[in-house]
Amino acid sequence: MIKNGKGGGNTKTGLVFEGKTDLTTFLNNQNGYRVTDDIVFYNDKEVERIFKKHGFYRYLKEIGIDWTKIISKKLLPDDSIYVIINNTLFIIECKYQQVNGSVDEKLQTCDFKKKQYQKLMSQVNIDVGYIYLLSEWFKNPKYKDVRDYIISMHCQYYFEYIPLTKLGLPVPKNNEER
């Protein structure tokens with residue numbers, strides 16, 4: 001996401017998911033990981049499921065949830081990741097900006113959207129985490145209040161990368177330090 005640059009280089013948490021590529025492609029390129037039909041395996045053990053946009057609703061149908069009886073409008077997450085080991089669905093919204101625009105206000109919707117996803121997943125006792133993957137643009141001090149609001153709503157944000165350990169995913173030993 002950094003124009004002509006690299007992101008995530010200052011982390012010491014190891015393996016990271018960078019916003020320049022989708023999570024499936026990223027994981028398929030990591031030692032020990034394999035993604036087949038949106039199921040993520042680490043050392044041949046199923047660890048998570050990945051859903052993009054409408055894929056999330058196919059998963060809901062698979063687990064017996066009729067979303068139309070719970071919420072009034074379909075929400076389409078950029079990425080959603082169900083991490084089996086910690087029974088948590090993470091909604092990941094990628095927000096990239098290089099100039100002023102409408103994305104600014106979308107950051108203020110995390111509370112409502114997280115609650116909608118919680119309504120859906122409460123049917124099967126799955127916890128929900130809501131994370132923004134932001135471009136460097138949002139480090140500007142004018143977004144401090146919005147960033148504070150995101151945290152106050154028990155949502156999270158990261159710039160350019162999300163540490164996979166934050167999602168509860170294993171970090172291959174050869175990727176522990178960057």
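**Reading loops, rings and helices**

Modeller: Glu160 is found in the loop that joins strand E8 (156-159) to strand E9 (161-163). The model in which it is seen is a predicted one.

Biologist: What is the phi of Glu160, and is Glu160 buried or exposed?

Modeller: Its phi is positive, about 70 degrees, although Glu160 is not a glycine. For accessibility, buried means under 20% relative accessible area. Glu160 has 2%, so it counts as buried.

Biologist: Which loop holds Asn43, and is that residue buried or exposed?

Modeller: Asn43 lies between strand E3 (39-42) and strand E4 (45-51). Its phi is near 50 degrees, again a positive value in a residue other than glycine. Exposed means over 50% relative accessible area; Asn43 is at 53% and therefore counts as exposed.

Biologist: How many aromatic pairs does a search of the whole structure find?

Modeller: The search finds 10 aromatic pairs. To name the geometry of a pair, one reads the angle between the ring planes, and over 60 degrees counts as edge-to-face. Phe56 and Tyr117 have planes at 75 degrees and ring centres 5.6 Å apart, so this pair is edge-to-face. The two residues are 61 apart in the chain, Phe56 being in helix H2 (residues 55-62) and Tyr117 in helix H4 (residues 110-122). Phe56 is buried at 0% relative accessibility, and Tyr117 is buried at 1%.

Biologist: How many degrees lie between the planes of Tyr117 and Tyr130?

Modeller: There are 35 degrees between the planes and 6.4 Å from centre to centre, and the pair is tilted. Tyr117 is in helix H4 and Tyr130 in strand E7 (residues 127-134), so the pair ties together parts 13 residues apart in sequence. Tyr130 is buried, as is Tyr117.

Biologist: Which charged end sits over the ring of Tyr57?

Modeller: That of Lys74, 4.9 Å from the ring centre. Elsewhere, the charged end of Arg34 sits over the ring of Phe41, 4.2 Å from its centre.

Biologist: At what angle do H2 and H4 pack?

Modeller: Two packed helices are described by the angle between their axes and the distance between those axes. For H2 and H4 the angle is about 25 degrees, and the axes are 11 Å apart. Angles under 35 degrees count as roughly parallel, so H2 is roughly parallel to H4.

Biologist: Which residues make the contact?

Modeller: H2 contributes Phe56, Tyr59 and Leu60, and H4 contributes Tyr117, Leu120 and Met121. By class, this contact has 6 nonpolar, no polar and no charged residues.

Terms used:
Residues numbered from 1 in each chain as written. Predicted model: local features only at pLDDT ≥ 70, side-chain atom pairs only at ≥ 80, totals over all residues. Heavy atoms only, no water. Phe/Tyr/Trp six-rings, centres within 6.5 Å; stacked < 30°, edge-to-face > 60°. Helix = DSSP H or I, 4+ residues; strand = E, 2+ residues; numbered from the N terminus. Buried < 20%, exposed > 50% of the residue type's maximum accessible area, 1.4 Å probe, protein only. Lys NZ or Arg CZ within 6 Å of the ring centre and 35° of its normal. Axes fitted to C-alpha atoms, helices over the stretch in contact; angles between N-to-C directions. Parallel < 35°, antiparallel > 145°, perpendicular 65-115°, else oblique. Contact = heavy atoms within 4.5 Å. Nonpolar A, V, L, I, M, F, W, Y, C, P; charged D, E, K, R; others polar.
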